[in-house]
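Please examine the structure shown below before reading on.

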Amino acid sequence: MEIVNRTTVQEFILLGFSVGQQGRMLLFALFTAIYTLTLAEHFIIIMIILQDSHLACIPMYILLGYFSFLEMCYVTATVPRMLFDLSFTHGVISLHACFIQLYVFFSLGSTECFFLAAMALDRYLAICHPLQYPKIMSQGSCYALMAVCLSVGIVFYIVPVVLISRLSFCGPNIIDHFLCDPGPILALACPPIGYVGFLFNVIASSGLLATFVFIVVSYGLVGVTLVKASSQSGHGKGFSTVSSHLAVVILFFGSVAAMYAIPNGESNAMVTKVVTLFYSSVTPLLNPLIYCLKNDQVKEAMTRLLKKKGIIGGNSEKTSEVLAPLVDQTLCQESLMAFSHTQRSYDQPSQPQPTVKSLLSSPPTPACVPANRLSITEDKRPGKQYLLLLFDYDYAIWFQMELGQMVNGTTVTEFILLGFGVGPQERFLLLIFFIILYVVTLAENLTIIILVVLDTHLARLPMYILLSNFSWLEICYVSTTVPRLIFDLASPQGVISFTDCFLQFYLLFSFGTTENFFLSAMALDRYLAICHPLRYPQIMTQDFCFALVVACWGLGFMAYVIPVTMISKLSFCGPNIIDHFLCDAGTILALACPPLGVTPFVCQMFVNTFVLSNVLFVVLSYGTVILTLMKPSFEGSRRKAFSTISFHLIVVTLFYGSVAAMYVCPEGENQAEVSKAVSLFYTSITPFLNPMIYCLRNDQVKEALGRLRKRKVSLLGRNMTI
């Protein structure tokens, strides 16, 4: 008998997000805003690169322009369909449309992997082989590399998608997802499916692992090269460029890797949706910000474009000077080699060493580098005399010319904190304000601790055990900065010893990191309580809760031992004035004498790692909680649960919002003032607001306060009777 292999299912039903009508409207508005912003961001990057003749000839920005176009296509493969399904509840998608979405989504995703590998190759050649870089990474080579990435990405998933489409689908036809993903589709296929699932996993894993290993090896070699490089300014620019690439790589591969770490269980599908939503919609929104928010060249190009369009005024002579065209790549290569030979000859004893004056008057400049891209610095501090000739990594070269003996020793024994730079009357008003703020903050958080300790009901609940420890943490956190601030307002000289400054720096960052971990622990507690209510008492026992508290404190205080120690080992030979009211990493590093080595990079990587990992965990946890509460089964308890997590979300937004504001401080004359205001908010105002946010509308806290009041009244009455 011949068995007929035919497909009876003609359409699938995408369940999407199982939420009510109100939840669908909110999600529709959210994803419409995300999609619009994503397209606008990437379109702006593409237009800037096309309109700016300087960026348009640099391989890194050619790749970035095409990567932005790829992101626009990638997000368009899923979000418009998701918006359509949120508008119409049936979620029906034809068989052909489903397989087209599957193919386009995975093809663009694999193309993105290859583009990230190409960008890693570009940075490797630029930094590790600067003299050969202009010859290897010509515009022709760059376009050929992009064509290869696009071709391989498009071809990569043709075979597995065709094999899946040839399977039999005889029912059911419901996909518990918001897009056509291979896992749910294969789960609906009628047996036998043969080797199709295995082949798809092999192809997907090979593409991801191959590009990931290539990227790790490339950036590893780049890091080793930068550590060995002699120019500290080269370090800063190189690490700044590479760090933005690494952040994008971590976001993409980290979210994809999270798919393999999803626990099996009832919430498996929900967590899969959240993770898929992150790397298909949120990551394309964040990538332009990561690449361009702190990129000086993109900011300069945008300024030039706005001046060119007449939107803002400016000096046309400077603009035309910046837009000076590059010469032929062959001449550039020869000029770079000649410059390298000239620089190396200064170290030979037989060659007369040039004076600082002669080098400043006529520096050896490669012909292919515009004069406005050359930075020449003379260090005139006692015991130092050297020139630093720095070129952008676009031109892939940097040199340091030392003239005389460099002294490496710490001569600064104290720093001067400028504070707010106001008159005596304003200082007095600020003194009164911060004294009141500090006392009220201590009283609020101490009240919460006493309430939790004295109330036997709250003392057994994991959420309030974490909350009481969080309140104690806030007391320590605010005490790290405000007492010193009050002292400096009362005593205007602002002198702080070297040891005290680094002690404050270490405590501030350690308590801040501990707060990161506590916010993640509280997000985990809410996730387990709402998404796994039956298993919550078994998982979140008192012993586990106390172990979680100990882990948060321990990790928080160990996190910054290495970077703070590295910064304290640097040389500080003057000046010693810190334009801030506290000892912060950026202001301290700005006073350190070169060479700084990898210290700034290590410090920044520690900050980014702990902040981004906790943000990702908190977002995924509360995202899963919100989607769970949107289910019809939670309709009765939805309001109370939302009331609880809304307080947590407000605290999380206040903390991470103020920290994120530090990265978007505009550069200019007012940058120091804006940095002070933001630092003041998250070190003083946030600890003051958090207790009110958590407890102002918390019924359990109000009931505990009432029970404590009744107990005190009864004790007082008993004493009066006696």
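This is a predicted model: local features need pLDDT of at least 70, side-chain atom pairs count only at pLDDT 80 or more; totals for chains, interfaces and linings use all residues.

The spacing follows a general rule: an α-helix has 3.6 residues a turn, so residues three or four places apart point the same way. Helix 6 itself runs over residues 139-156, and its 18 residues reach 26 Å from the first C-alpha to the last, close to the 26 Å expected.

The aromatic rings come next. The structure contains 35 aromatic pairs. One of them joins Phe17 and Phe178, whose rings are stacked, at 5.4 Å centre to centre and 20 degrees between the planes. This pair links distant parts of the chain, 161 residues apart: Phe17 is in the loop between strand 1 (11-14) and helix 1 (21-51), while Phe178 is in the loop between strand 3 (174-175) and helix 8 (182-188). Phe17 counts as buried because its relative accessibility is 4%, and Phe178 counts as buried at 3%.

What is the geometry of the pair formed by Phe511 and Trp553? The ring centres of Phe511 and Trp553 are 6.5 Å apart and the planes stand at 90 degrees, so the pair is edge-to-face. Phe511 belongs to helix 18 and Trp553 to helix 20, so the pair ties together parts that are 42 residues apart in sequence. Phe511 and Trp553 are both buried.

Note on methods:
Residues are numbered from 1 along each chain as its sequence is written. Side-chain values use heavy atoms; hydrogens and water are left out. Helices (H or I, at least four residues) and strands (E, at least two) are DSSP runs, numbered from the N terminus. The expected span of a helix is 1.5 Å times one less than its number of residues. Rings of Phe, Tyr and Trp (its six-membered ring) pair if their centres lie within 6.5 Å; planes under 30 degrees apart count as stacked, over 60 as edge-to-face and the rest as tilted. Buried means under 20% relative accessible area, exposed over 50%, partly exposed in between (1.4 Å probe, protein chains only).
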